[in-house]
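Below are my notes on the model, as numbered points. Please read them beside the coordinates.

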Amino acid sequence: MKNIWLYILVSAGVSYLIRVTPLVLIRREITNRTLRSFLYYVPYVTLAVMTFPAIVEATRSPAAGALALIAGAVLAWRGGSLFLVAAACCLVVLASEWIL
């Protein structure tokens, strides 16, 4: 139990260094177009990497999750609202798990 405080301290230190290092090392605006483009898409990629596996694994069968992911992507691509996309995905999972 004594080591838990060491683990918490190391975790806090690493988190702090990850956030402070860019602020200390990069003092002026980034002008490189490639680097700016890369940094622009990092939050979207991170969200996708965390969300997509959870979508497929949250259902009883991975096929139902994959079908809901495809349906949601198509509806979102065509300009569907967030409520419409979420409702359609839920219905696709419900129907897919009932059929499968």
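**Notes on the model**

1. Aromatic pairs. Searching the whole structure gives 3 aromatic pairs. The criterion is that rings of Phe, Tyr and Trp (its six-membered ring) pair if their centres lie within 6.5 Å, with planes under 30 degrees apart counted as stacked, over 60 as edge-to-face and the rest as tilted. Tyr40 and Tyr41 make an edge-to-face pair, because their planes stand at 90 degrees, with the ring centres 5.0 Å apart. Tyr41 and Tyr44 have ring centres 6.5 Å apart and planes at 55 degrees, so this pair is tilted. Through such ring pairs, Tyr40, Tyr41 and Tyr44 are linked into a cluster.

2. Basis of the values. The model is predicted: local features need pLDDT of at least 70 and side-chain atom pairs count only at pLDDT 80 or more, while totals for chains, interfaces and linings use all residues. Residues are numbered from 1 along each chain as its sequence is written, and side-chain values use heavy atoms, with hydrogens and water left out.

3. Setting of the tyrosines. Tyr41 and Tyr44 are 3 residues apart in helix 2, which means a separation of about one helical turn. Helices here are DSSP runs (H or I, at least four residues; strands are E, at least two), numbered from the N terminus. Tyr41 is partly exposed, at 47% relative accessible area. The classes are buried under 20%, exposed over 50% and partly exposed in between (1.4 Å probe, protein chains only).

4. Salt bridges. How many salt bridges does a search of the whole structure find? There are 2, counted where a side-chain nitrogen of Lys or Arg is within 4 Å of a carboxyl oxygen of Asp or Glu. One joins the side chains of Glu29 and Arg36 at 3.4 Å, N to O. Glu29 is exposed at 59%, and Arg36 is partly exposed at 43%.

5. The bridge between Glu97 and Arg60. These side chains meet at 3.6 Å, N to O. The pair links distant parts of the chain, 37 residues apart: Glu97 sits in helix 4 (residues 82–99), and Arg60 in the loop between helix 2 (33–57) and helix 3 (62–77). Glu97 counts as partly exposed at 22% relative accessibility, whereas Arg60 is exposed at 73%.

6. Helix 1. This helix has 23 residues and reaches 32 Å from its first C-alpha to its last, close to the 33 Å expected at 1.5 Å a residue; the expected span is 1.5 Å times one less than the number of residues. A kink of about 30 degrees lies at Arg19, shortly before the proline Pro22. The bend is the angle between axes fitted to the seven residues ending at a residue and the seven starting there.

7. Nonpolar surface patch. Ile4, Trp5, Leu6, Tyr7, Ile8, Val10, Val14 and Ile18 form a nonpolar patch with about 850 Å² of accessible area together. Patch members have over 30% relative accessible area and no salt bridge; nonpolar side chains (Val, Leu, Ile, Met, Phe, Trp, Tyr) are joined within 5 Å, and like charges within 9 Å. Areas come from the Shrake-Rupley method with a 1.4 Å probe, and for residues only the protein chains shown count as cover. Ile18 lies in helix 1 (residues 3–25) and is exposed at 58%.

8. Two separations. Ile26, in the loop between helix 1 and helix 2, is partly exposed at 47%. Ile26 and Ile8 are 18 residues apart in sequence and 28 Å apart in space, C-alpha to C-alpha. Val85 lies in helix 4 and is buried at 14%.
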